[in-house]
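Please keep the sequence and the structure at hand while reading.

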Amino acid sequence: MNGFLYLPLNPNNVIGDLHFFNGAWYSAWGSGIPILQLPFHFISDLLFGIPFPDILIFIFFSLISTNILYKFLKKRIPKILSLLLSYIIIFCSLFWIVSYRFLIYEESAAYFIIFTINSFVYFIESIESKDKKYIPYLVLNIFITILIRPTALFTAILVFIFFIFKNKSFIKPYIFYF
């Protein structure tokens with residue numbers, strides 16, 4: 001919010017998961033999470049003069065991911081079971097990492113997990129329905145995972161390769177939305 005690409009931290013208060021370079025502290029993770037959190041922090045800073053709690057922002061995105069998973073499962077299994085299973089999948093995917101501490105590494109990994117789950121849901125939806133309407137959602141979620149951790153580029157490449165061999169009509173929208 002102050003226009004820095006580095007973390008303006010006091011070296012005496014630095015926690016793990018950060019790297020010192022050229023007189024400043026940097027995170028090894030991408031800029032995806034700060035971009036996702038920016039609207040929340042901006043409004044909170046504007047209204048109250050304090051940053052919005054990171055864990056509440058994460059819960060917001062986790063609930064969106066749970067809803068995406070629920071809608072996906074609801075088409076395949078009974079409603080109540082799909083709701084229960086959605087919460088169990090998200091809980092089991094995240095509890096182990098969020099319950100310990102919620103600092104840079106854990107927060108990044110947790111966001112990466114929920115957006116990867118979303119990517120898989122939209123990938124499967126696009127394949128099963130043979131409908132291109134899921135491609136923008138698939139690309140958005142893959143793009144967010146790439147912003148969180150650039151290694152997600154491998155996911156994007158694998159999806160592209162899959163479309164080349166299995167569904168060539170999806171290549172053009174996939175490239176377009178990227």
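How many nonpolar, polar and charged residues does the lining of the second largest pocket have?

## The second largest pocket

By class, the lining comprises ten nonpolar residues, two polar residues and no charged residues. The model is a predicted one, and the volume computed for this pocket is about 210 Å³.

The lining is formed by Ile 55, Phe 58, Ile 59, Ser 62, Leu 63, Thr 66, Tyr 87, Ile 90, Phe 91, Leu 94, Phe 95 and Val 98. The elements that contribute two or more residues to it are helix 2 (54-74) and helix 3 (79-98). Ser 62 and Thr 66 belong to the lining and count as polar.

## Overall fold

The secondary structure of the chain consists of seven helices and two strands. Their order along the sequence is β-β-α-α-α-α-α-α-α.

The chain has 178 residues, of which 37% are buried. Among contacts between residues at least 6 apart in sequence, 55% connect residues at least 24 apart.

## The largest nonpolar core

The largest nonpolar core contains 40 residues. Within this core, the residues with the most contacts are Tyr 111, Phe 115, Leu 138, Phe 163 and Tyr 174. At least two core residues come from each of helix 1 (32-48), helix 2, helix 3, helix 4 (104-129), helix 5 (135-148), helix 6 (153-166) and helix 7 (171-177). Helix 4 makes the greatest contribution, with eleven residues.

Phe 115 is among the core residues with the most contacts. When residues up to four places away in sequence are not counted, Phe 115 touches Leu 36, Phe 61, Asn 141, Ile 144, Thr 145 and Ile 148.

Ser 82 is located in helix 3. This serine counts as buried because its relative accessibility is 0%, and the cut-off for burial is under 20%. Its side chain reaches the backbone oxygen of Lys 79 at 2.7 Å. With residues up to four places away in sequence not counted, Ser 82 is in contact with Tyr 70, Leu 73, Lys 74 and Ile 77.

Ser 44 is part of helix 1. Its relative accessibility is 6%, so Ser 44 also counts as buried. Setting aside neighbours within four places in sequence, Ser 44 touches Gly 49, Ile 50, Pro 51 and Phe 52.

Lys 130 lies in the loop that runs between helix 4 and helix 5. Although this residue is not a glycine, Lys 130 has a positive phi of about 55°. Is Lys 130 buried or exposed? With a relative accessibility of 64%, Lys 130 counts as exposed, because the exposed class begins at values over 50%.

Leu 153 is found in helix 6. Its relative accessible area is 44%, so Leu 153 is classed as partly exposed. This class covers values between the buried limit, under 20%, and the exposed limit, over 50%. Leu 153 and Phe 143 are separated by ten residues in sequence, and their C-alpha atoms are 8.3 Å apart in space.

Terms used
Residues are numbered from 1 along each chain as its sequence is written. This is a predicted model: local features need pLDDT of at least 70, side-chain atom pairs count only at pLDDT 80 or more; totals for chains, interfaces and linings use all residues. Side-chain values use heavy atoms; hydrogens and water are left out. On a 1 Å grid over the protein atoms alone, a cavity is a set of points where a 1.4 Å probe fits but cannot get out, and a pocket is an open set with protein on both sides within 12 Å along at least five of seven lines; lining residues have an atom within 4 Å of a point. Grid points are joined across faces, edges and corners, and a volume is the space filled by probe spheres set on the points. Helices (H or I, at least four residues) and strands (E, at least two) are DSSP runs, numbered from the N terminus. Buried means under 20% relative accessible area, exposed over 50%, partly exposed in between (1.4 Å probe, protein chains only). A polar contact is a pair of N or O atoms within 3.5 Å; within protein, one must be able to donate a hydrogen and the other to accept it, and residues adjacent in sequence count only if both atoms are side-chain atoms. Contact means heavy atoms within 4.5 Å. A nonpolar core is a set of buried Ala, Val, Leu, Ile, Met, Phe, Trp, Tyr and Cys residues joined through side-chain atoms within 4.5 Å.
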